[in-house]
Amino acid sequence: MRILFVTGILLAALTMPHQGQAQTADPEDAKPCNEAEVMMLMGTNSKATDYLLACAQVPNQTPFKIAKSRFRRFQLLQEMEQMALAEAELVALTTPPLSEADVFSGTPSGAIIFGGKQSIGATQVALLGARASYRVFAKDLAAGVPLADRAIALAGHDPAFVFDVAPAYAAKAKAAYLQQNTTEIVANSVRAYLRGIEDPWINDVIKQLPPETQAALQTQRASLREGAGAYAFAISPQAQTPDKIETAKRVVAEGAVAVKALEDFEHNQLGLP
C-alpha cells in the first residue's frame, strides 16, 4: 500500500488542532468575562456582578483581569446598595496577593495606576480609604481608623495621591465624631475638604468655621486642584510620549509645588500637625 503525502494537506493536518485536543485559551477572553461586558452595557444588574465574579475565578486568570473584574463588581454592588458584598470586594482588592499585583504600580511611590490596559482605574490609597469609610459607617472604629491611617501613610507626601487620600481623612473625621473628639473632627474634615472631598457631612463641618477661614480654605482647595489636578496623568506612561513629555515635566513640577503649598498652609496658617 502506498501512502501519498500532499504537501498542503499535510501542513494543514500538522497545524490544525485535532478534535478533542486541549488548546491554550486566553483566560481574559473566557466566556464569563465576555458575558460580563455585555451585561454591563445593560446598566447596573445582578447578572453583571455574577459574571464579573466568575470572570475573576477563571483558572489561570491574569492579576489584571481579576483586579479589574472585582473593582467593577465593587462599583456595581455599591450602586445596588449591597454594601456587605461591595465591602468584600474592597477587602479582596486591598489584601495580598491581589493588592501586590503590578496593576497597582506606576508612580514613584509604586501604588498608583492611571489608564491603560494594565491599570484598573483606582489606587490602593483610594481603596483603603473606601474600606475605612465602610468600617467607620458600621461604627467599627477599631478596624476603620487603622485602615484610614494605612491609606494616609501610603499616600505620604506624593502629589499623585493628594486627592485619593481625601476619603481616608473624611473617615477619620467621622470616627472622631463618634468619639466626640472635636479637635480631630475639625482637623480631619479640613484636610479632607482641602483635598477635594465631595461629602455633605464634611461640608457641614466646614460651614461651621468662621467665614474668613472658610474663604481661605476655598482658595487653597482651588489652588491645589489647579496646580496638582493633572499630576497623576503627567506621570503615567501615556504622558511620556515625545509630544507630551515637556508638558508632563512642567505639570509634575507644578504639582509638587502645589502640594508643598498645601502642607505649608496646613502647618503655618491652620496650625495642623
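Let me start with how helix α2 and helix α4 lie against each other in this predicted model, where α2 covers residues 31–40 and α4 covers residues 63–79. Two packed helices are described by the angle between their axes and the distance between the axes. For α2 and α4 the angle is about 30°, and the axes are 12 Å apart. Because angles under 35 degrees count as roughly parallel, α2 and α4 are roughly parallel to each other. As for the handedness, α2 passes α4 in a left-handed crossing.

Which residues make the contact? From α2 they are Cys 33, Glu 37 and Met 40, and from α4 they are Lys 65, Arg 72 and Leu 76. Sorted by class, this contact of α2 with α4 has three nonpolar and three charged residues, with no polar ones.

Now to the empty space. Rolling a probe the size of a water molecule over the atoms shows where empty space is left. How many cavities of 30 Å³ or more are there? The count comes to one, and the largest cavity holds about 30 Å³ of space. Its lining consists of Cys 33, Ala 36, Glu 37, Leu 52, Cys 55, Lys 65, Lys 68, Ser 69 and Arg 72, and the elements that give two or more of these residues are α2, α3 (46–56) and α4. With four residues, α4 gives the most to the lining of this cavity, and by class the lining has four nonpolar, one polar and four charged residues.

The largest pocket contains about 480 Å³ of space, and of the 19 residues that line it, Ser 133, Tyr 134, Val 136, Phe 137 and Lys 174 lie nearest its centre. Two or more lining residues come from each of α5 (83–93), α6 (124–137) and α8 (166–178), and the largest share, six residues, belongs to α8. This lining is made up of 12 nonpolar, two polar and five charged residues.

The second largest pocket contains about 250 Å³ of space, and it is lined by 17 residues, the closest to its centre being Gly 156, His 157, Tyr 169, Arg 195 and Glu 263. Which helix gives the most to this lining? That is α13, with five residues, while α7 (141–155) and α13 (245–269) each supply at least two. By class, the lining of the second largest pocket has nine nonpolar, three polar and five charged residues.

Notes. Residues numbered from 1 in each chain as written. Predicted model: local features only at pLDDT ≥ 70, side-chain atom pairs only at ≥ 80, totals over all residues. Heavy atoms only, no water. 1 Å grid on protein atoms, 1.4 Å probe; cavity = no way out; pocket = protein on both sides within 12 Å on 5 of 7 lines; lining within 4 Å. Points joined across faces, edges and corners; volume = space filled by probe spheres on them. Nonpolar A, V, L, I, M, F, W, Y, C, P; charged D, E, K, R; others polar. Axes fitted to C-alpha atoms, helices over the stretch in contact; angles between N-to-C directions. Parallel < 35°, antiparallel > 145°, perpendicular 65-115°, else oblique. Left-handed = near helix turned anticlockwise from the far one by under 90°. Contact = heavy atoms within 4.5 Å.
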